[in-house]
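Q: Let us read some salt bridges and then a helix. Where do we begin?

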Amino acid sequence: MAKWVASPQGRLDILQPIDLDIGAGERCAIVGPSGSGKTTLLALLAGLDLPSAGRVWLGDAELSALDEDARAALRRTQVGFVFQNFQLLENLSALDNVALPLELRGEPEARPRARDMLERVGLAERMHHYPPTLSGGEQQRVALARAFVGRPQVLFADEPTGSLDRTSAQAVLELMFDLNRAAGTTLVVVTHDDSLAARVDRRLTLSGGRLNADD
């Protein structure tokens with residue numbers, strides 16, 4: 001797959017042709033300098049964007065052949081996504097934020113499952129609080145609970161510790177890997193955090209849109 005956009009100066013290549021296969025249950029980190037295409041690659045793998053050339057598969061589904069509605073439906077059932085800036089809805093409580101993806105799927109046990117997941121991430125006493133009243137580390141734990149509550153096959157995380165202090169970042173890392181082990185979820189994470197990258201099964205390095213190394 002490859003990704004480019006049009007610019008006044010002509011075609012701008014964001015990702016050079018990449019051939020990448022991530023196995024079920026694998027934990028993979030994508031590292032590299034800012035502007036190297038890491039977030040773009042993550043968005044393509046998650047079906048949040050489409051390649052300019054080539055194909056992207058999630059399990060047996062070819063994401064690049066589906067329209068946006070079909071990709072969104074697939075993400076609701078198979079994908080979890082954790083953003084650096086949390087992407088929580090500020091007018092919903094922590095419990096409502098975590099329950100929302102299950103409610104969108106029509107799950108009858110959405111709120112009990114959300115409550116259980118918040119207890120697992122240590123927020124039993126904070127589940128009725130709203131995001132603006134939570135610390136950064138607490139908000140990221142809510143985001144992890146929301147990502148894992150749907151029991152996704154793949155979790156994508158874009159700089160999940162990038163906006164946290166060291167103590168909060170370490171706590172979030174431990175939680176993410178604990179949930180990953182418990183669920184057997186495939187983990188694909190973009191990070192500048194060397195301690196995170198050191199804990200995965202495979203480390204991929206992007207530079208200038210090229211996949212240069214597989215450690």
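Predicted model: local features only at pLDDT ≥ 70, side-chain atom pairs only at ≥ 80, totals over all residues.

Q: Which side chain meets aspartate 13 in a salt bridge?

A: The general idea is that side chains of opposite charge can pair when their charged atoms come close. Here the partner of aspartate 13 is arginine 11, with 3.0 Å from N to O. Arginine 11 is exposed, at a relative accessible area of 52%.

Q: How many salt bridges are there?

A: The count is twelve. Some residues join in a network of these bridges, namely Glu68, Arg71 and Arg75.

Q: Which residue forms a salt bridge with arginine 111?

A: Aspartate 96 does, and the closest N and O atoms are 2.5 Å apart. Arginine 111 sits in helix α4 and aspartate 96 in helix α3, so the pair ties together parts 15 residues apart in sequence. Arginine 111 is partly exposed, at 32% relative accessibility. Aspartate 96 is also partly exposed, at 21%.

Q: How do I read a pair within one helix?

A: Use the helical repeat. An α-helix has 3.6 residues a turn, so residues three or four places apart point the same way. Now the case here. Aspartate 178 and arginine 181 are both in helix α6, three residues apart, about one turn of the helix. Their side chains meet in a salt bridge of 2.4 Å, N to O.

Q: Are aspartate 178 and arginine 181 buried or partly exposed?

A: Aspartate 178 is partly exposed, with a relative accessible area of 40%. Arginine 181 is partly exposed too, with 49%.

Q: How many residues of α5 are buried?

A: Buried here means under 20% relative accessible area. Twelve of the 14 residues of α5 are buried, so the helix is largely enclosed by the rest of the structure. Among them are Gly137, Val142, Leu144, Arg146 and Phe148.

Methods
Residues numbered from 1 in each chain as written. Heavy atoms only, no water. Buried < 20%, exposed > 50% of the residue type's maximum accessible area, 1.4 Å probe, protein only. Helix = DSSP H or I, 4+ residues; strand = E, 2+ residues; numbered from the N terminus. Salt bridge = Lys/Arg side-chain N within 4 Å of Asp/Glu carboxyl O.
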